[in-house]
Amino acid sequence: MSKINAAEPRYDWTLTQVEALFDLPFMELVYQAANVHRAHFDPSEVQLSQLLSVKTGGCAENCGYCSQSAHFKTGLKAEKLMDADVVIAKAKAARDGGAQRFCMGAAWRELKDRDLPKLATMIGGVKALGLETCATLGMLTAEQAQQLKDAGLDYYNHNLDTGPEYYGQVVTTRTYQERLDTLAYVRDAGMSTCCGGIVGMGETRRDRAGLLWQLATLPSHPDSLPINGLVPVSGTPLGDKVLSEGKAIDSIEFVRTIAVARIVCPKSMVRLSAGREGMSRDLQALCFLAGANSIFVGGKLLTTPLPDMDEDSKLFQDLDLKPMGGKVQVEAKAEDMIAAE
Ligand code: SAM
Ligand code: DTB
Ligand code: SF4
């Protein structure tokens, strides 16, 4: 393969080309990805986002990995949509802890219009704290996407999860095209997109390449590209398979996935997402070297754990990494000092 041009994003990748990147010698792949990373970002900066499950459990979809699907017995108690003031208070704590973006997740197949007023209050309140706002609420209509944008939503997360060929093994209650349609509505409404997938679900390398190929050939690359390592949840079909048969992806292959994501979507924030809890510090360091530049922090994802804040601070210290957008944190502290006077 010829030298990778780090300068500008390409939208004409073929699946064969993406597979060829996966097949590069590991050292060469990581070296190329690190070069692409440096062409577009300060490699010492990592963006910090914090998640909150604002509506937990009881979801009508049958995503085979998910603790929140009503189709599986995972022991998770379904809850109703949180009140906006509770969410805003949690966002304030996240901001004071250094988060730059606050992402609100709901276990819904699709957003219902009746929930929009409460969500609009929530989104407006979080944005007023100086945080970037993100939500993941299931499928949207074009009108709903516009209403969320008008309420102050900056990012919408909607993952493709895997390559098109493996998708049917993961979820059968919605189609790949439905996911692509919601993403189009989000883009058309002028919001930034957060879209990625999960690895370690028993998919092949070709499926992982298929996911990244889909993302790299969207009309615009996702602004954020989360790579989740499957968190095996007991009671879910995909989680139970991993729990009984052992880990479904090797850590070196995980790093390859990060590196290929960085190369095919050079300007996206590649987020090392779920699964970080089970990763060694060394593996996380390799992921940052291969181009990951965003993580979730705060001890909890939606329903599963993350490393605690102290562990992450120590990792950043030891790797000489710093949180991106430190300005938000400083402004927040200044605001609190003024309020206390
Ligand atoms: N219901 C909405 C949806 O599916 O778009 C939003 C919430 S859903 C939990 C957000 C994403 O979390 C999923 O698309 C999936 O990629 C990821 N996810 C959920 N459970 C996971 C698990 N056990 N391991 C890794 N990623 C997971
Ligand atoms: C994404 O790709 N990963 C985050 C976020 N987008 C919403 C969610 C991960 C969820 C992991 C399982 C859980 O905590 O329930
Ligand atoms: Fe529902 Fe989202 Fe979980 Fe799928 S991933 S079951 S859509 S909460």
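How many of the 12 residues of α8 are buried?

Analyst: This is a predicted model, in which local features need pLDDT of at least 70, side-chain atom pairs count only at pLDDT 80 or more, and totals for chains, interfaces and linings use all residues. Residues are numbered from 1 along each chain as its sequence is written, chains are lettered from A and ligands numbered from 1 in the order in which they are written, and side-chain values use heavy atoms, with hydrogens and water left out.

In α8, 9 of the 12 residues are buried, so the helix is mostly covered (buried means under 20% relative accessible area, exposed over 50%, partly exposed in between, with a 1.4 Å probe and protein chains only). Helices (H or I, at least four residues) and strands (E, at least two) are DSSP runs, numbered from the N terminus. Helix α8 covers residues 205-216.

The buried set holds Asp207, Arg208, Ala209, Gly210, Leu211, Leu212, Gln214, Leu215 and Ala216.

Now the charged pairs. A salt bridge is a side-chain nitrogen of Lys or Arg within 4 Å of a carboxyl oxygen of Asp or Glu. The count is 24.

One of them joins Arg101 and Glu132, at 2.9 Å from N to O. Arg101 sits in strand β2 (residues 101-106) and Glu132 in strand β3 (residues 132-136), so the pair ties together parts 31 residues apart in sequence. Arg101 is buried, at 2% relative accessibility. Glu132 is partly exposed, at 22%.

Another pairs Lys322 with Asp42, with closest N and O atoms 3.6 Å apart. Lys322 lies in strand β10 (residues 322-323), while Asp42 is in the loop between α2 (26-40) and β1 (45-55), so this bridge links parts 280 residues apart in sequence. Both ends are partly exposed: Lys322 has 39% relative accessible area, and Asp42 has 33%.

Arg10 and Asp12 also meet in a salt bridge, at 2.8 Å from N to O. Arg10 is partly exposed at 32%, whereas Asp12 is exposed at 53%.

Finally, there is a network. Salt bridges link Glu61, Arg109, Glu110, Lys112, Asp161, Arg174 and Glu178.

Definitions and conventions
Expected span 1.5 Å × (residues − 1).
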